[in-house]
Amino acid sequence: MDFEALRAREAAHFLPVVNRHPLALVEGRGARVRDSEGREYVDLTSGWGVTSIGHCHPALVEALHEQAGTLMQTTNLFYTLPQLDLIDRLAALSPAGLTRSFLTNCGTEAVEGALKLASRATGRAGFVATLGAFHGRTLGALAINGSEKHREPYAALLHEARHVPFGDLAAMREAVDDSTAAVIVEPIQGESGVNVPPDGYLAGLRELCDEKGCLFIADEVQTGIGRTGRLFAVEHEGVTPDVMTLGKGLGGGFPVAAFLTTEAVADTVQIGDHGTTFGGNPLGCCAADTVLRVVEEEKLVARSEELGGRLHAHLQAFADAHPERVSGARGRGLFQGLPLRDAERAGALALRAIEAGVLVNLAAGTVLRVFPALNIPEDDLFPALDRVLALIAD
Ligand SMILES: Cc1ncc(COP(=O)(O)O)c(C=O)c1O
């Protein structure tokens with residue numbers, strides 16, 4: 001397939017809001033993908049944190065194939081077996097107390113649901129979020145995004161929210177008041193550069209929210225499903241939020257997401273408060289249930305912790321050897337960031353890495369974010385990473 005012909009087709013008809021890399025991907029297996037001209041790449045982004053168990057894991061392909069031939073969609077007025085299996089599994093695996101879930105199609109919708117729930121449960125409408133946070137692009141989620149770049153063009157449409165520095169408990173304490181429905185944070189900020197908060201931050205937020213009578217929402221869309229070396233990142237501090245959102249890696253490549261909550265919060269909603277046509281459809285639920293099963297069977301959470309630890313050490317060793325190029329590595333599990341000092345070089349890195357046969361992402365433009373499939377073979381991970389590090393050192 002001629003890539004230029006594909007590019008011309010998109011230029012004619014796609015809404016021009018995405019600056020794509022110059023390649024079309026046609027196939028994926030495990031941690032590798034192939035483009036329309038037959039070149040192969042190691043994917044260190046797992047499709048942006050989504051293909052948690054690798055591209056086209058055989059168990060996922062088989063389960064979806066079977067489910068697609070059985071039942072794909074009903075209205076949400078009916079019970080379906082895949083949804084029952086998934087909500088049972090989510091309740092069993094989630095931090096104790098998060099026993100109620102609602103399924104959505106993407107992370108943003110899960111965040112929207114979480115915001116509505118907080119407003120319903122508290123009778124309040126204020127939200128406090130963090131600078132640099134990314135929670136999605138619909139109007140509700142955009143209002144709590146902590147990046148001016150995303151909010152500013154739509155400012156007139158947005159509900160007001162407060163933003164405080166991430167990791168700063170004192171600033172959060174100042175911002176939360178009796179109009180606050182919820183505090184929402186990513187346990188580790190993803191889009192703004194794999195920012196890990198100080199120890200005790202999540203536990204401190206939990207305490208603060210209890211004291212102020214507002215909800216604590218943990219947006220685990222990016223950090224959930226083993227990414228950080230725990231099934232959910234809040235487990236690093238043994239914290240149970242009032243609402244937890246999931247997405248991305250939950251479906252392993254199939255669009256499915258969820259928000260989970262407690263019995264106490266669930267008791268505040270009424271029939272008709274929320275709904276969806278596609279959310280929780282049998283295919284999505286089958287995908288998520290299969291991913292969670294594979295993560296458990298293949299012990300991918302422990303692998304994320306162990307391999308992630310070695311990945312971190314590898315990146316840190318590079319940072320120690322090249323202090324003029326990068327500052328120290330940061331992250332947990334298979335969710336690591338390496339900040340580059342030179343924005344211009346960082347801007348060119350993704351394309352240079354593509355030429356070297358590796359897909360990488362630069363979060364916030366300058367932080368090399370390494371978030372591969374949880375089951376990426378070591379023989380793919382380290383050699384591919386070393387090719388990228390050589391480009392940075394060059
Ligand atoms: C923490 C977090 N929340 C929400 C979202 C939005 O998810 P989606 O793009 O599936 O709507 C993202 C996407 O990057 C995210 O990282």
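This is a predicted model: local features need pLDDT of at least 70, side-chain atom pairs count only at pLDDT 80 or more; totals for chains, interfaces and linings use all residues.

I began with a pair of strands: E9 (residues 243-246) and E10 (residues 257-261) run antiparallel to each other, joined by four bridges. Strands here are DSSP runs of at least two residues (E), helices are runs of at least four (H or I), and both are numbered from the N terminus. I take two strands as paired if DSSP finds at least two bridges between them. Looking up Val243, I found Thr261 in E10 as its bridge partner.

Residue numbers start from 1 along each chain as its sequence is written.

Next I traced the sheet around that pair. Seven strands make up an open sheet with mixed pairing, ordered E4-E10-E9-E8-E7-E5-E6. E4 (100-104) and E6 (162-164) are the edges, each with a single partner strand, so one side of each has no neighbour in the sheet. From one strand to the next, the twist averages 20°; the axes behind that are lines fitted to C-alpha atoms (for helices over the stretch in contact), with angles from 0 to 180 degrees between N-to-C directions.

Then the other sheet. Four strands, in the order E1-E2-E3-E13, form an open sheet, again mixed. Its edge strands, E1 (25-29) and E13, each pair on one side only. E2 (residues 32-35) and E3 (residues 40-43) are antiparallel over three bridges. I noted Val33 opposite Tyr41 in E3, and Arg32 bridged to Val42. The E2-E3 hairpin has four residues between its strands, and Gly38 there has a positive phi near 90°. E3 also pairs with E13, this time in the parallel sense over two bridges, with Asp43 bridged to Leu359.

What does helix H13 do at Leu349? I found a kink of about 40° centred on that residue, in a helix spanning residues 343-355. The bend is the angle between axes fitted to the seven residues ending at a residue and the seven starting there. Ala346, Leu349 and Ala353 of H13 are buried: a residue is buried with 20 or more other C-beta atoms within 10 Å of its own, exposed with 12 or fewer, and partly exposed in between, C-beta atoms being placed from the backbone. Their cover includes E13 (358-359), E14 (361-363) and helix H14 (378-393), going by contacts (C-beta atoms, placed from the backbone, within 7 Å). After H13 comes Gly357, with a positive phi near 80°.

Most residues other than glycine have a negative phi. Ile225 is not a glycine, yet its phi is positive, about 60°. I placed Ile225 in the loop between E8 (215-219) and E9, and it counts as buried because it has 30 C-beta neighbours inside 10 Å. Lys299 also has a positive phi, near 50°. Lys299 sits in the loop between H11 (282-297) and H12 (300-321), and its 13 C-beta neighbours inside 10 Å make it partly exposed.

Last, the ligand. Of the 14 residues around it, Cys106, Gly107, Thr108, Val221 and Gln222 come nearest; near here means a C-beta atom, placed from the backbone, within 6 Å. Helix H5 (residues 107-122) gives the largest share of this shell, three residues.

How values were computed: Two residues are in contact if their C-beta atoms, placed from the backbone, lie within 7 Å.
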